[in-house]
Amino acid sequence: MRHEREKDTRIRVRDYTWNPREEATRGVVIMRGQYIQVFIPYEKLPQLMQVMLELAEAHTDERTTS
């Protein structure tokens, strides 16, 4: 019986340089397994983090009031 490899589905966040040979843009990537799912330039990160925090707080508030 052949054993199938388990898929690597871990979610990781890493420092990344997008398009390093032309207009290099520094940022972070969110990866699932070996594949990049999202690239976020560092200048957009604070805005995105604020939105994510607001969503997390709203979710927490929903859970505590239910």
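Arg 26 is partly exposed, with a relative accessible area of 43%; the classes applied are buried for under 20% relative accessible area, exposed for over 50% and partly exposed in between, with a 1.4 Å probe and protein chains only. The model is a predicted one, in which local features need pLDDT of at least 70 and side-chain atom pairs count only at pLDDT 80 or more, while totals for chains, interfaces and linings use all residues. Residues are numbered from 1 along each chain as its sequence is written, and side-chain values use heavy atoms, with hydrogens and water left out.

The side chain of Arg 26 meets that of Asp 15 in a salt bridge, at 2.6 Å from N to O. This pair links distant parts of the chain, since Arg 26 belongs to strand β2 (residues 25-32) and Asp 15 to strand β1 (residues 11-18), eleven residues apart. Strands (E, at least two residues) are DSSP runs numbered from the N terminus. Asp 15 is partly exposed at 45% relative accessibility.

In the whole structure, a search finds three salt bridges, each defined as a side-chain nitrogen of Lys or Arg within 4 Å of a carboxyl oxygen of Asp or Glu. Asp 8 takes part in a salt bridge with Arg 10 (2.9 Å, N to O) and in another with Arg 12 (3.8 Å, N to O).

Three aromatic pairs are present in the structure; rings of Phe, Tyr and Trp (its six-membered ring) pair if their centres lie within 6.5 Å, and planes under 30 degrees apart count as stacked, over 60 as edge-to-face and the rest as tilted. One of them, between Tyr 16 and Trp 18, is tilted, with 6.1 Å centre to centre and 55° between the planes. Tyr 16 also forms an edge-to-face pair with Phe 39, at 6.3 Å centre to centre and 65° between the planes. Tyr 16 lies in strand β1 and Phe 39 in strand β3 (residues 35-41), so this pair ties together parts that are 23 residues apart in sequence. Tyr 16, Trp 18 and Phe 39 form one aromatic cluster.

Tyr 16 is partly exposed at 31% relative accessibility, as is Trp 18 at 41%.

Terms used. Helix = DSSP H or I, 4+ residues; strand = E, 2+ residues; numbered from the N terminus.
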